[in-house]
Amino acid sequence: MTEDTVTKAVREALEGVNEVELTVTGRKTGRQISRPVWFVQEEESMFLMPITGSDSHWYKNVRQTPMVQVAANGMALNTTATPITEPDRVHHVEAMFRDKYGPDQVEQHYPKRDVAVQLSLM
């Protein structure tokens, strides 16, 4: 498959989906750990917000081992996670989450919003 074909397949798999399965490598155990997470997309990137912000275990795992897998609708993509700590960029991701899921849901499910994560979809 070409890169364009992969990107198109990933985009199609994410259409109409509210969550993806995120798999990270445990920083203490080295085991693969999967969990459902909400996401937003912008251009060639997917953005995630850990529920407990920088205290989240999956976020800490990503900081140690940035290679992750996201899966939805039978499509899986291995990619690199890039932590976002700059307040302006975190607020931008939070605004996209509010637009997709609603401000009340973000307030209810994300008590600490100090970091986000960017994944390349290419």
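Predicted model: local features only at pLDDT ≥ 70, side-chain atom pairs only at ≥ 80, totals over all residues.
In general, the strands of a sheet pair through backbone hydrogen bonds, in either a parallel or an antiparallel manner. In this model the pairing is antiparallel, and seven strands make up an open sheet whose order is β2-β1-β5-β6-β7-β4-β3. The edges are taken by β2 (32–38) and β3 (40–42), and because each of these has a single partner strand, one side of each is left without a neighbour in the sheet. From one strand to the next, the twist averages 35°. The pairing of β1 (residues 19–25) with β2 is antiparallel and extends over seven bridges, and within this pair Leu22 stands opposite Arg35 in β2.

Helix α2 (residues 57–64) packs on the sheet, where it touches β1, β2, β4 (45–48), β5 (67–72), β6 (75–84) and β7 (116–120), and its direction makes about 55° with that of β1. Helix α3 (residues 87–101) also packs on the sheet, touching β2, β3, β4, β6 and β7, while the direction of this helix makes about 115° with that of β3.

Glu43 lies in the loop between β3 and β4, whereas Asn73 is placed in the loop between β5 and β6. Since exposed residues are those over 50% relative accessible area, Glu43 counts as exposed with its 69%, and Asn73 is likewise exposed at 60% relative accessibility.

Methods: Residues numbered from 1 in each chain as written. Heavy atoms only, no water. Pairing = 2+ DSSP bridges. Helix = DSSP H or I, 4+ residues; strand = E, 2+ residues; numbered from the N terminus. Axes fitted to C-alpha atoms, helices over the stretch in contact; angles between N-to-C directions. Contact = heavy atoms within 4.5 Å. Buried < 20%, exposed > 50% of the residue type's maximum accessible area, 1.4 Å probe, protein only.
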